[in-house]
Amino acid sequence: MIPLTAMVTGKGTVSFKIKGRYGRGSRPSSFTSILRPVVFWNITYKCNLKCKHCYINAGDPNLIRRELPVEKTIEIADQIIEQKIPLVVFTGGEPLVSEKFWRIAEYMVSRGYTRISVSTNGTVIDWETAQRLKRLGVRYVGISLDSLVPEKHDEFRGVKGAWEKSVEGMRNSVKAGLPTGLRVTVTRDNISEVPDMVDFAASLGLERVSIYLLDTTGRAANELELLPSPARLRGMIDRLIEKAIEYQDILEILLVRMNFAGIYIASRIAKSREEFLELLKIIGAQGDCGRKTISIYPDGTVRPCQFLESIVVGDLRRESLTDILSPDNPRLKPFFNVPERLRGERCSRCPFKHVCGGGSRNRALSATGDFWGDDPSCFFNPWEIAEKWGVNSGEIRSIIR
Ligand code: SF4
Ligand code: SF4
């Protein structure tokens, strides 16, 4: 995740409230660690929408998948609290259609654990639900929206009327006093709308816009052609730098599944070599799949993140959370040091690979047939940037925490 606004302006909204201040001129965030990652808890496979790009194939009637009984999830909640996990993001499927979400979240809060955030399609956040989330003390509500054109969003999400309900959910959430954000998955079909979506978010009183580059996994596994071209991606980042400055006191912009964009941004905005290296430190301190983030699935299996659905690094039906997070866990270990495993022509030789992490393994797999290959979305020449600032891979590696 790249905190675009913090990099460009040194400011932040939701992330500063949750993590404390970080960015230029202050320490890189040490909010998470390998033993204390952010946990994305996919609490259910159920969902009321049918999105084309769903990473977990939610609501697919052809898949028979078990979910843990609520008693077992309470045991997992106890482990999360004891492990002092810094943040749990409840997601799904759609967490708010599952009674299990309320049972677990209310239980955690009753034990004094309040580091809870919700990632939702927003369609079921009526006024009563928004107030219930507020009473629960939820730190952040992220609501997905894929277009400013209702018909386009509904077509992508597979349900007519979804757009109206999601936007109503945003309004209710803001009105209830919940820090609320918009999450958009960028494809070739909506990339031109993204800067306007930032304006829209600001007009609704949202505090964050999270911009996810499509990852080719789940229902999007064979949708490589839906990715925007690298040139259009670069154009979007240029516009978003302007938006980050324009809205710096109102909302923060985050970039997700495109850490490489952070290197381009650092090079565009730095005024000196020292500042460039400072900005690289911010990027290098971010987590990625399996490194400072993990995902618990509805059946109790654990994945490096919600984007690597096919890779299981543990099973909470049989193992403890502490054992799964151990640096000695051989299934998780490869994700602590992805840069050393990269073998694509570009990424394996890239001077910034220890900062960037090589982009998305799913996009690399879809484009090259090699899980450790090159991410096709990286849109700049890293050697030109290294030369511009007079840095080499050894120096860059040494600044990463
Ligand atoms: S992407 Fe989210 S909202 Fe869409 S089907 Fe999957 S879980 Fe539901
Ligand atoms: S070439 Fe690969 S490692 Fe280098 S910045 Fe691009 S995606 Fe990252």
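**Reading a helix pair and the chain around it**

Q: Which residues in H8 meet residues in H9?

A: In this predicted model, Val194, Pro195 and Val198 are the residues of H8 that meet H9. Their partners in H9 are Met236, Arg239, Leu240 and Lys243.

Q: How many nonpolar, polar and charged residues does the contact of H8 with H9 have?

A: Sorted by class, the contact has five nonpolar residues, two charged ones and no polar ones.

Q: At what angle do H8 and H9 pack, and how far apart are their axes?

A: H8 covers residues 194–204 and H9 covers residues 230–246. The two helices pack at an angle of about 25°, and their axes are 9 Å apart. Because angles under 35 degrees count as roughly parallel, H8 is roughly parallel to H9.

Q: Is the crossing of H8 and H9 left-handed or right-handed?

A: The crossing of these two helices, H8 and H9, is right-handed.

Q: How many helices and strands does the protein chain have?

A: The secondary structure of the protein chain comes to 17 helices and 11 strands.

Q: What does the radius of gyration say about the protein chain?

A: The value is compared with that of a compact globule, which for 401 residues would be near 21 Å. The protein chain has 20 Å, so the two agree. Along its principal axes, the C-alpha trace spans about 55 × 45 × 40 Å.

Q: What share of the residues count as buried?

A: Of the 401 residues in the protein chain, 51% count as buried.

Q: What share of the contacts joins residues 24 or more positions apart?

A: Taking contacts with a separation of 6 or more, residues 24 or more positions apart account for 72% in the protein chain.

Terms used: Residues are numbered from 1 along each chain as its sequence is written. Chains are lettered from A and ligands numbered from 1 in the order in which they are written. This is a predicted model: local features need pLDDT of at least 70, side-chain atom pairs count only at pLDDT 80 or more; totals for chains, interfaces and linings use all residues. Axes are lines fitted to C-alpha atoms, for helices over the stretch in contact, and angles run from 0 to 180 degrees between N-to-C directions. Helices (H or I, at least four residues) and strands (E, at least two) are DSSP runs, numbered from the N terminus. Angles under 35 degrees count as roughly parallel, over 145 as roughly antiparallel, 65 to 115 as roughly perpendicular and the rest as oblique. A crossing is left-handed if the near helix is turned anticlockwise from the far one by less than a right angle, and right-handed if clockwise. Two residues are in contact if their C-beta atoms, placed from the backbone, lie within 7 Å. Ala, Val, Leu, Ile, Met, Phe, Trp, Tyr, Cys and Pro count as nonpolar, Asp, Glu, Lys and Arg as charged, and the others, Gly among them, as polar. The radius of gyration is taken over C-alpha atoms; the globule rule is 2.2 Å times the number of residues to the power 0.38. A residue is buried if 20 or more other C-beta atoms lie within 10 Å of its own, exposed if 12 or fewer, and partly exposed in between; C-beta atoms are placed from the backbone.
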